[in-house]
Amino acid sequence: MRKSEKQEDVRFGKFGTVSFTKTTRVNDFIDYLENGKIMASQCKTCGQIFFPPRADCCQCLSSDMQWHEVTGTGKLVSFSELKFAPIGFDNDLPYSIALLDYGDFRVFGRIDSRLDTAEVKIGMAMVTVANTLANGQRNYIFKKA
Amino acid sequence: MSKVGIIGVGQSKFVRKYPGSIRELAFEGFKEAVLDAGLTVKDISASVLCSAPEYDKQRSPAAIVAEYLGLNPQPTFYVETLCSSSSTGLKLAYSLVASGVHDVVAVIGLQKMSEISSAESQERMGRGGDIQWESPFGTMMPAYYAMYAQAHMEKYGTTLEDLAAIRVKAATYGQINDRAVYRKSVTPQMFTDPDDMMSGPVASPLRVGDCCANADGASCIIVANEEKARRFSKRPIWILGIGAASASVNLTGRDLFTGLRVAEQAAKQAYAMAGVGPKDIDVAEVHDCFTIAELMAYENLGFAKPGEGKELIRSRETYKEGRIPINVDGGLLSKGHPIGATGGSQVRTIVLQLRGEAGDMQVKNPQIGLVHNIGGVGVYGNVTILGNQ
């Protein structure tokens, strides 16, 4: 490699069964995920918390952000179990996508596939945990609290 | 503000696979609208092309369509808001005419969804949401709307039978609309028969029968300022109100899962501009890409209180003879949903209704009609109110 060529930071390519974008200014999210932590971002200027994390605050236009760990439980807002999937996700079927409400922010993701669908109820308390997929990719899943 | 009228409407047949190119497809809707308006191509001072680019092989399709339709050297614009592209095009055309920049504008909507292979289509299907933070979980349009259905059923007691009833209504009118892709009848029993395709699970709680089909199709709406509208048309239909709103793509940015905020907001704007309310609407077209979407539209447009949309379909008030006839052309569920053409097709239906030219689908003597057209899963909301006075 020539000296002038910088290695491209493509860490985000590890996110999800299929990742559709490899570069983002919040790539450190992946390092935290690999260490078992789910991170939101918080604007140092106005204090607003964002999930998914952002590099820039749309409230005060500051780009001075810090990481804020997603902890505790969220309430299941809604979910759906898929019987068909887009290309690249067939091996994951069936799986459920869902949204958790943490009060200050919400988290979109998947429900733990080991959880019996009959046990999934809107309003139930769940936690967000880091997960490694069968193909080695990383994501996070919701488990019963 | 000066009045803006619709003087011509056109629509191709919506089909599974159009045996021609996109410019030829555009011609089918355009020709009907130009003949309907009683003008010549040279009378059109600008065109707006509306399509969802993920299905187009042609880059910058507005130019190729303008060329084929003889719309050079007039300016042409390309707009996209997913499934509501041609309603957005209508709002742009309205603005161009109301501001005096142009006098007659053609809004051309089209989609040839069969332009790409089914594998390509399935790949694009996965990129309907936020590709950075949602798509890597394996999302698709029916599953997002299914989350709304799940929440609505949980909170308000809406049932799977209510959703099936909406599809049954759509099919009632799809059978008498010769432009529709799905012309067959649908019965409630099909949704409970495990051997029937309609009952097949897609994304819980939605079944195959709850979802509209892909289609190829084109539409065209010609709008004009008051002077030109009265000169060309014996019966111009006036744009009384036009509202639009946007919302977060990522569901994390939403605060309501039993309805669409963009529809509420667009409706509020359109009603205020038109100086009318939900009770004044005589006939409506709503965006029923999924059965739950129509049910939520009843509530978001004020035809029913939140949670009471199910009562409207149970009492058949949204049938042709009911209090507020909705989608009496078969809706997206039976007509099919060629993304960029859909809004224009909805507007065409209401214009024909307000002129008394809707044939077997005609509602009794409507004066004011409404079009509700949504892009994405409540990302873009558009509500347009039309009147024949």
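This is a short tour of chain B in a predicted model, going from the whole chain to its sheet and then to one helix. Residues are numbered from 1 along each chain as its sequence is written, and chains are lettered from A in the order in which they are written. Local features need pLDDT of at least 70 and side-chain atom pairs count only at pLDDT 80 or more, while totals for chains, interfaces and linings use all residues.

Select chain B, where there are 12 helices and 11 strands (DSSP runs, H or I of at least four residues and E of at least two, numbered from the N terminus). Its C-alpha atoms fill a box of roughly 55 × 45 × 40 Å along the principal axes.

Next, select the open sheet of chain B, in which 9 strands with mixed pairing follow the order E3-E2-E4-E7-E1-E8-E11-E10-E9; strands pair if DSSP finds at least two bridges between them. The edge strands, each pairing on one side only, are E3 (76–79) and E9 (283–285) of chain B. Within the sheet, E8(B) and E11(B) run antiparallel and are joined by 8 bridges, and B:Trp238 stands opposite B:Gly387 in E11(B).

Now select helix H8 (residues 261–274) of chain B, which packs on the sheet and touches E8, E10 and E11 of chain B (contact: C-beta atoms, placed from the backbone, within 7 Å). Among the buried residues of H8(B) are B:Val262, B:Glu264 and B:Tyr271, a residue being buried if 20 or more other C-beta atoms lie within 10 Å of its own, with C-beta atoms placed from the backbone. Finish at B:Gly275, which follows H8(B) and has a positive phi, near 70°.

Note on methods
Buried ≥ 20, exposed ≤ 12 C-beta atoms within 10 Å, placed from the backbone. Contact = placed C-beta atoms within 7 Å. Axes fitted to C-alpha atoms, helices over the stretch in contact; angles between N-to-C directions.
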